[in-house]
Amino acid sequence: MSFADNLVYLRQHYGVTQEGLAEQLGVSRQTVSKWEAGTNYPEMDKLLALCDLFHTNLDDLMRGSVHVAKENDTERYDRHMNRFDLSIALGVACILVGVGVQVLLDALGWPSNIQTVALLSFVVVGVVALIVGSLNHGEFKRRNPAIEPRYAADALERFSRRFPLLIAGGVGLILLDVIMLIGLSPDDSSLDLVRGIRLDELIVAPFMFVLAGAVGTLIWATMQKSKYELSELTYIAHRQNLGADLPPTAVVKSPERVRAERIMGVICGCIMLLALIVFLVWGLVPLFDQVGGWDGLDKHALKDAIRAGQGGFAVSWIAFVVGGILCGIVWMVGSVLGKSQDDWIAEAKQEDAWLKYAQADAKEDPWARGPEQPEGSPDQPAWK
């Protein structure tokens, strides 16, 4: 592609008009028109400014194909993010599998040191996967500070259809896993299998394996959604920096709203962590008193006491319900108080059904009102 073709592609790709590009470069619209027609070329300072504006290099702009370069950016970004998402999901799942393996070896009567080695081996593999994935992701961002992936509309549509299925499947798998664990656990704590294998311990192992798969699926789905959303937000932000009109469906968060959402996330995380502490303390302290304290503690007696609903676990689960309600209240209140006037205007534009149809045909901003027309004037709509 020639320089003229590359310039036309970049300008149209980001939805920038010739007037808008000319204003960014401090030239006239006719000058930009001559560049795109191939009858004239910009000076070196303007070429460098174009490279900065469109996040491309001089070689691709003058002699290469920026269209191919942008597609290559998307492919590299997609491959990297898939590896990164997979490393995080597998890292967490591997730790859960390690717990399941340790429980399985315990049920089979293996020595405790072998159980510990197996558990720590899976934990080490999971932690290494998490560390390697995070370091590679940081290095990728450092080496590609100006990468601009842009997914096709059909790719975004396909994932938007898959995402609810992945989330619902992961949550449903966890619920079924819990139901199967409760339903298959024997009521008689003395029930053993061949060679003294305890059935209640043996059932926990497949429960952890299924839980690892479900949690890995949920992590993968949420991180894939973040991958596509980050690509779209980067594209929208660049269009906004170039002075292009944003699409009517784009909702750009203000810095105040981003900060408010981060604060609300931290508050909700602290609430749920506090709920977990209350759940454990409320449930375990009375329980240890009932089984005879810490001295000579029998793990089978403790397990039977938990399953029988002894201690505080029969009611300590209320801590999670209260924590969830508090998180909902924090999020609703924070989502209102953390919005700026621009956020409210953006949401109003999104929710106005008439405006969505008006924006499809209007050449100018339909929110920009002109002078009031007198009744019966030729410019007045017939239906008004």
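Here are some questions and answers about aromatic residues and one glycine in this predicted model.

Reader: How are the ring planes of F159 and F163 arranged: stacked, edge-to-face or tilted?

Author: Happy to walk through it! Ring planes under 30 degrees apart count as stacked, and those over 60 as edge-to-face. The planes of F159 and F163 stand at 40°, with the ring centres 5.8 Å apart, so this pair is tilted.

Reader: Which helix holds F159 and F163?

Author: The two residues are 4 residues apart, about one turn of the helix. Both are also buried.

Reader: Which residue lies over the face of F163?

Author: Besides its tilted pairing with F159, F163 has a lysine over its ring face. The distance from the ring centre is 4.9 Å, and the residue is K225.

Reader: Is G133 buried or exposed?

Author: You can find G133 in helix α7, which spans residues 112–143. A residue counts as buried under 20% relative accessible area. G133 has a relative accessible area of 5%, so it is buried.

Reader: Which residues does G133 touch, not counting those up to four places away in sequence?

Author: One place to look is around D85, which is 48 residues from G133 along the chain. The C-alpha atoms of G133 and D85 are separated by 8.0 Å. With residues up to four places away left out, G133 touches F84 and S87.

Notes
Residues numbered from 1 in each chain as written. Predicted model: local features only at pLDDT ≥ 70, side-chain atom pairs only at ≥ 80, totals over all residues. Heavy atoms only, no water. Phe/Tyr/Trp six-rings, centres within 6.5 Å; stacked < 30°, edge-to-face > 60°. Buried < 20%, exposed > 50% of the residue type's maximum accessible area, 1.4 Å probe, protein only. Lys NZ or Arg CZ within 6 Å of the ring centre and 35° of its normal. Contact = heavy atoms within 4.5 Å.
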